[in-house]
Every structure is written in C-alpha cells, then in structure tokens.
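Have your viewer ready and your selection tool at hand. We will go from stop to stop, and at each one you will hear what to select and what is there.

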Amino acid sequence: MQVSSLNEVKIYCLSAGRSLPEWLSDRKKRALQKKDVDVRRRIELIQDFEMPTISTKIKVSRDGQYIMAVGTYKPRIRCYDTYQLSQKFERCLDSEVVTFEILSDDYSKIVFLQCGRFVEFHSQHGHYYKTRIPKFGRDFSYHYPSCDLYFVGASSEVYRLNLEQGRFLNSLQTDAIESNVCDINPVHFLFAMGTTEGKVECWDPRTRNRVGILDCALSSVTADTEIDSLPSISALKFDGALNMAVGTSTGQVLLYDLRSSSPLIVKDHHYGLPIKSIQFHHQLDLIISADSRIIKIWNKDTGKIFTSMEPEHSINDICLYPNSGMLMTANEAPKMNIYYIPVLGPAPKWCSFLDNLTEELEENPESTVYDDYKFVTRKDLENLGLAHLIGSSLLRAYMHGFFIDIRLYHKAKMMANPFAYEEYRREKIRQKIEETRAQRVQLKKLPKVNKELALKLIEEEGEDQQVAKKRKHKNLPNLLKDDRFKVMFENPDFQVDEQSEEFRLLNPLVSKISEKRKRKLKLLEELETQEQEDEEEREGKASDAESSESSDDEKGWVEEVRKQRRLLRQEEKVKRQERLKEDQQTLLKPQFFEIKEGEEFRSFKDSAKKQKLMKKTLGDRLKLEEKIGTLNVSDTTVGSKQATFKLKKSEQQKKQQEAEKQHRQERKTLRRSANHLKSKRGRGRLFH
C-alpha cells in the first residue's frame with residue numbers, strides 16, 4: 001500500500017504493492033506470502049480487480065453492491081460483488097465498448113454502446129438483444145420518465161431509442177456537426193449535449209425543442225491560457241437542478257449556473273489534455289476532475305486545490321463510490337486503482353476494516369514489477385554465462401525472454417562483472433555533475449565555421465518561434481539542422497569574408513549589428529573556456545544581459561551606405577599608396593628570356609601596334625583588315641552583307657607555304673620535261 005500526502009490530505013493507494021505473475025502456482029504464491037513481508041502485507045481489497053490489458057470504463061450500481069468495469073483484450077465486462085470481495089461474472093463481447101450504463105439497481109439490466117455502431121442489451125442471464133444506430137456513437141444517456149435512450153456521436157442528429165415500445169423515435173436535429181458527450185439532469189430531466197465546436201445545447205425532452213446554447217469554447221479562453229485549436233466539449237456532468245460542469249479538450253473545467261451564460265469559475269489543469277471525467281462530492285462541496293495524467297480535487301466555490309493524485313499510468317475513467325471516501329480509476333494498465341481518502345468520507349460498509357488499517361500503515365513505494373523475479377533475454381543470459389540453464393526449472397520462458405530469480409541474477413552479475421559497483425558509482429557522479437550543470441547558464445554550441453552567422457540564425461529562430469506562437473503559424477526550417485547546408489558550417493572554404501567590398505555594401509548595417517553579436521559571441525567563448533577549466537564548479541555565473549539596440553530607419557541606412565563607400569575609397573587609396581612605396585623601394589634588375597627553337601625575335605613594336613589597333617573603333621579596324629586582304633565584304637542577293645575573314649599567318653607558316661609552292665612548281669617542270677621526251681621518241685619510231 002502506498003501512502004501520499006498533499007495539502008495535509010492523506011491518500012492511500014490500495015492497489016499498490018507487489019504484483020505476482022499469473023503463471024505462478026498457488027503453492028508458490030503461498031510460499032512467497034510466508035517468506036516475503038511485503039507480499040504478506042499487500043492488500044488485495046477485491047480479488048482479481050484487474051483487466052487483461054487495459055480498462056476503459058468503471059461504474060457502481062445504484063445499490064452499491066456491484067462494481068462493473070469494461071476493458072480489453074478481448075473486449076469484456078467484469079462484475080465484482082462487494083459483499084463477497086470477488087468477481088461475480090465475466091462476459092466477453094464482440095467489439096470494444098465505448099461506454100455503458102446500468103439501468104437497474106443491480107446488474108440485471110445493462111446497455112453497451114460499442115465502437116461498431118452496435119447497441120447491446122444484457123439481462124441478468126447474459127446477452128439479450130443487439131441493434132445498430134445509423135452513425136458511430138460516442139455517448140448516450142437514459143431518460144427514466146419516458147424510457148428513451150439518447151445517442152450522440154458523429155452526426156448532427158440525436159438518435160432516440162424507446163425501450164418500452166422497442167423502436168426508434170424521431171431524432172433531434174441539432175446545429176452541431178458532431179457531438180462528444182451528453183447527460184440528463186436527474187431533477188428536471190433537461191437533456192444537454194456537448195459538441196465539437198465547443199458549445200453545449202440544452203433540449204427539453206417533453207417538447208423536443210432546444211431551450212438554450214452555451215458557448216463554452218469562448219468562455220474557457222482566458223488571458224493566461226494558450227490554445228492551439230478550438231476547444232471541444234469532452235466531459236459533461238449535472239449537479240442538482242441548477243449547476244452543470246463542463247470539461248474541454250484543452251484541459252479546462254467550467255462550472256455553470258443554468259440561469260447564466262457565463263461560467264461561475266474556470267479551472268485549468270495546465271496540461272492541455274482533454275478532461276476525461278467529472279464527479280461531484282456534495283458533503284464537502286468539491287469537484288473531482290480528471291484528465292489522462294492527473295486527478296484534481298478542488299473547491300467548487302473558490303477553485304482552490306484540495307488535493308490531487310497523479311497515477312503512473314494514463315487515466316481513462318474515474319468513479320466515486322457513493323457516500324464514502326473511496327475513488328476507483330480505469331487505467332491504461334491491467335490493474336485498476338483504488339484510492340481511499342479518509343477526509344472525503346468513511347470507508348464503505350463492505351470494507352469498514354480500512355478505517356482501522358489506515359491508522360497503522362507506513363509509506364511503502366509502489367512497485368509494478370515482479371520484485372522477486374528479473375526478466376532477461378537470451379542475449380543477457382549469454383552475457384551472464386547462464387545460457388546452459390535454458391530449459392531448466394530456474395528459468396521460466398515468457399514472451400521473448402525468461403524470468404529468473406532475482407538472487408541468482410545478482411550473483412551471476414557480480415561474477416560476470418565484479419567492477420559493476422565502480423561503474424555504478426561513476427555513473428552516479430556523472431549524473432550529479434550534469435544536474436549541477438543544468439543550473440548554470442546554458443551555452444549555445446556554435447560550429448567552428450561561420451560562428452556569427454550561426455548565432456544570427458539562432459537568434460532569428462527564437463524570434464520566429466515567438467511570432468509563430470502568437471500568430472499560430474508553423475515554424476520555418478532551420479539552416480543549422482538542414483543537412484543540405486551542413487558543409488557551410490564545417491568547411492573553412494565557406495567562411496564569410498565580412499571585410500570584402502561586396503559584403504559591406506550589401507550589408508550596410510552589419511557593423512552595428514555584428515558588434516553586438518561579436519560581444520555576445522566573445523562572452524559565450526569565455527563561458528565555454530571557463531567551463532572547460534572548472535568542470536566541477538557547482539554554480540555558473542550569469543552573464544550580463546546586453547541592452548537591446550533599436551534598428552535604424554531608412555535615413556540612417558542611407559547614411560551608413562555612404563559611410564561604407566567613403567571607408568572603401570579611403571582603404572583603396574591607402575593600398576595604392578602602399579603599392580607605390582613598394583614599387584619605389586624595389587630595384588629593377590634586367591631579365592633575360594630564352595627564345596624557343598624555330599622562332600625569331602621580333603621587336604617590341606608589334607605589341608605597341610596591337611595596343612594602337614585595339615584603341616581604334618570597329619569600323620576603322622574592319623577597313624584596315626579589308627585593305628590588308630584578310631577581310632572581304634560583299635553584298636548578297638537578299639540585300640544583306642556577307643563578311644569573310646582570313647586568318648593571319650605567322651612567318652613559319654608563310655615559309656612553309658612558299659616551300660610547298662616551290663616544290664609543286666619543280667614537280668610540274670619535271671612532269672613537263674618527261675612528257676616532252678616521250679613525244680620525241682614516238683616521232684622517231686614513225687620516221688623509221
């Protein structure tokens with residue numbers, strides 16, 4: 001049993017204690033109870049008060065004798081008899097239960113709303129009848145005077161099923177798109193339903209007309225609340241004839257007087273989670289509200305917190321046992337929790353012995369694992385050298401591993417790793433150092449390249465996040481986290497040169513802004529070096545906040561551009577003067593160059609001619625080329641002009657062409673002389 005105290009209110013968790021595996025035999029369980037004090041002192045108020053996987057809803061019958069809970073897996077309902085402190089029956093269902101209602105004083109009449117649009121009726125012997133509704137249902141309420149069931153869900157209509165006539169009646173047409181919850185006032189039977197638009201519609205079942213609308217979404221938003229979407233109604237509960245509590249999907253609980261459209265009080269859970277259930281405690285004027293993380297008990301007049309409970313697992317539903325201080329919860333875990341708060345009221349009659357036990361209980365930590373057994377995998381057994389025990393009675397196969405006795409596990413671990421305590425001690429020391437570091441000024445890890453650019457991006461990212469929160473925009477991607485720009489902060493070739501002319505002209509205000517950033521960067525570097533030198537220092541020194549400088553207007557921007565241009569001219573003038581001084585100081589020495597083979601030395605006049613030619617206009621150059629013969633301009637038949645260029649030839653090419661021309665002439669002369677001799681010989685033969 002676990003005992004906690006908040007605001008001097010003691011809370012006893014009766015479900016806390018050691019859990020024993022289901023596969024243990026009864027003999028081993030009895031042996032553990034004899035040997036182990038914690039197991040022997042464990043309180044099992046109701047035998048097998050749990051579900052195979054999770055429990056979704058829990059309710060108490062009107063006579064207080066039966067506790068019913070639904071859960072999975074497989075979908076089922078379990079009924080517990082409080083007079084016998086044990087389970088009475090268990091029934092499996094075809095689909096998961098969204099919610100259920102006990103129509104009779106005992107368990108003889110139950111209605112289940114299932115997730116497959118089915119409505120299933122159970123009597124004392126079991127399943128009685130099943131029908132379907134047109135749309136998926138989310139909640140329903142029973143109207144006792146007319147025997148009507150009102151179903152709300154993924155539709156704008158409220159379906160009515162009369163149990164006396166056994167047929168569907170005309171549905172109620174609402175203005176809502178969808179509805180989440182509904183409830184009927186136990187005094188005047190006003191029907192109320194909570195919509196996804198954050199409104200509550202109230203209907204009179206006698207005339208089947210709407211009598212009022214409450215805009216709870218607008219009333220739930222206060223000055224200190226932050227919301228990301230429109231709050232919808234997630235819980236609804238009447239208290240007496242005039243009071244009604246409404247829970248929203250953003251974690252607020254609003255208490256209304258039906259005679260007023262504004263809430264009497266707005267209570268925020270500050271977790272941003274939907275309110276799952278709301279209960280009233282009339283003796284102390286308290287409201288019990290629960291989301292999936294915490295159960296808060298607070299005064300309905302002042303809103304002051306009375307006490308709160310924060311279970312280990314997520315909460316699905318809560319149920320307050322009538323006229324007592326016992327609270328039961330359905331959780332996202334097999335075990336259903338039972339809390340006993342003596343301040344709220346006495347223990348129920350069927351467990352009156354709790355009043356005597358709670359006076360002597362000591363605080364014991366809650367444990368949800370099998371403390372006498374350790375779960376290990378096959379790889380863990382190989383590391384411990386216990387793989388040869390697989391198949392023996394010392395290991396119990398379970399899922400993807402085995403259960404082993406915790407004493408054997410500790411002995412094997414000490415033998416396999418005798419220095420485990422030293423590692424544990426070093427790890428604890430490291431954790432303590434990390435905790436002290438968290439109290440210091442959090443240093444920003446900047447890259448080695450482009451540190452100022454990275455600091456600028458970090459500052460802009462913080463500003464963008466604040467703007468996005470105010471305007472509800474999505475955050476833009478950050479260049480520091482983008483892999484495509486990763487090299488820009490790692491490779492020194494991408495370092496931004498802030499002294500270059502282009503950078504200074506494109507960023508005229510960078511001097512003023514960068515001065516502030518450089519001071520901040522220098523401060524961060526000093527803090528980083530100080531942290532490296534004194535690693536075990538407990539408290540860091542807070543850095544002085546730099547005064548924020550306002551940005552200049554357009555006139556200041558123009559003046560800054562002119563100033564940068566003047567500075568650039570002065571720097572260029574200084575560089576020219578330095579170059580002249582260097583030229584005057586250096587002595588010119590003659591240099592000799594070697595001419596390549598096959599080339600002749602030409603005077604320096606050719607370069608001068610080229611320079612003069614380049615200074616002439618294009619027209620003059622074309623006329624000169626036409627005179628030389630390298631350019632030929634002619635008119636075409638179409639009316640346009642055609643220009644033909646001839647490349648200039650070097651001296652070596654000219655000599656080669658002349659040699660080829662001379663060679664061709666010599667061959668022609670030889671060919672002519674040979675033909676002449678042949679003709680002479682032919683004539684001599686004819687004369688003979």
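Before we start, one definition: helices (H or I, at least four residues) and strands (E, at least two) are DSSP runs, numbered from the N terminus. The model you are looking at is predicted.

**Stop 1: the whole chain**

Show everything and colour by secondary structure: the chain has 14 helices and 34 strands. Buried residues account for 35% of its 688 residues. Turn to contacts between residues at least 6 apart in sequence, and 46% of them join residues at least 24 apart.

Now colour by confidence. The chain has a mean pLDDT of 80, and 77% of its residues reach 70 or more. Select residues 362–369, where pLDDT stays under 50 and the model has 15 contacts beyond four places in sequence. Then select residues 536–552: pLDDT stays under 50 here too, with 23 contacts beyond four places in sequence.

**Stop 2: the loop that holds C147**

Select C147, in the loop between β11 (137–143) and β12 (148–153). C147 is not a glycine, yet its phi is positive, about 60 degrees. Its relative accessibility of 23% makes C147 partly exposed.

Go on to R208, in the loop between β17 (199–204) and β18 (209–215). R208 also has a positive phi, near 55 degrees, in a residue other than glycine. With a relative accessible area of 43%, R208 is partly exposed.

**Stop 3: cis peptide bonds**

Most residues other than glycine have a negative phi, and most peptide bonds are trans. Select T72 and Y73, which are joined by a cis peptide bond with omega about -10 degrees. The bond from Y73 to K74 is cis as well, with omega near 10 degrees. Y73 lies in the loop between β4 and β5 (76–81), and K74 is in the loop between β4 and β5.

**Stop 4: the largest nonpolar core**

Which of the 24 residues in the largest nonpolar core touch the most other members? Select L45, F49, I58, I67, M326 and M328 to see them. At least two residues of this core come from each of β3 (54–60), β4 (66–72), β28 (326–331) and β29 (337–340). The largest share, 3 residues, is supplied by β28.

Centre on M326 and show its surroundings. Leaving out residues up to four places away in sequence, M326 touches residues including L14, L45, I338, W350 and L354. Another core, of 17 residues, lies apart from the largest one; among its members are C13, M309, I315 and L344.

**Stop 5: aromatic rings**

Show the rings next: a search of the whole structure finds 9 aromatic pairs. One of them joins F375 and F403, edge-to-face, at 5.6 Å centre to centre with 70 degrees between the planes. F375 lies in strand β30 (residues 373–377) and F403 in strand β32 (residues 401–405), so the pair ties together parts that are 28 residues apart in sequence. F375 is partly exposed, at 27% relative accessibility, whereas F403 is buried, at 7% relative accessible area.

Then select Y66, F89 and Y107, which ring pairs link into a cluster. For charges over rings, pick K59, which lies over the face of F100 at 5.8 Å from the ring centre. Follow with R132, whose charged end sits over the ring of F118, 4.6 Å from its centre.

**Stop 6**

Select D239 in strand β19 (residues 233–239). Is D239 buried or exposed? D239 is buried, with a relative accessible area of 8%. Its side chain makes a polar contact of 2.8 Å with the side chain of H282 and a polar contact of 3.1 Å with that of K300. Apart from residues up to four places away in sequence, D239 touches F280, H282 and K300.

**Stop 7**

Move to S179, in strand β15 (residues 179–184). S179 is buried at 1% relative accessibility, and residues it touches beyond four places in sequence include R138, V152, M193 and T195.

Finish at G303, in the loop between β25 (295–299) and β26 (305–309). G303 counts as buried, at 9% relative accessibility. Beyond four places in sequence, G303 is in contact with I265, K267 and W298. Draw a distance from G303 to D268: they are 35 residues apart in sequence and 9.6 Å apart in space, C-alpha to C-alpha.

Methods:
Residues numbered from 1 in each chain as written. Heavy atoms only, no water. Phe/Tyr/Trp six-rings, centres within 6.5 Å; stacked < 30°, edge-to-face > 60°. Buried < 20%, exposed > 50% of the residue type's maximum accessible area, 1.4 Å probe, protein only. Lys NZ or Arg CZ within 6 Å of the ring centre and 35° of its normal. Contact = heavy atoms within 4.5 Å. Core = buried A, V, L, I, M, F, W, Y, C linked by side-chain atoms within 4.5 Å. Polar contact = N/O pair within 3.5 Å; in protein donor to acceptor, adjacent residues only side chain to side chain. pLDDT = per-residue confidence, 0-100.
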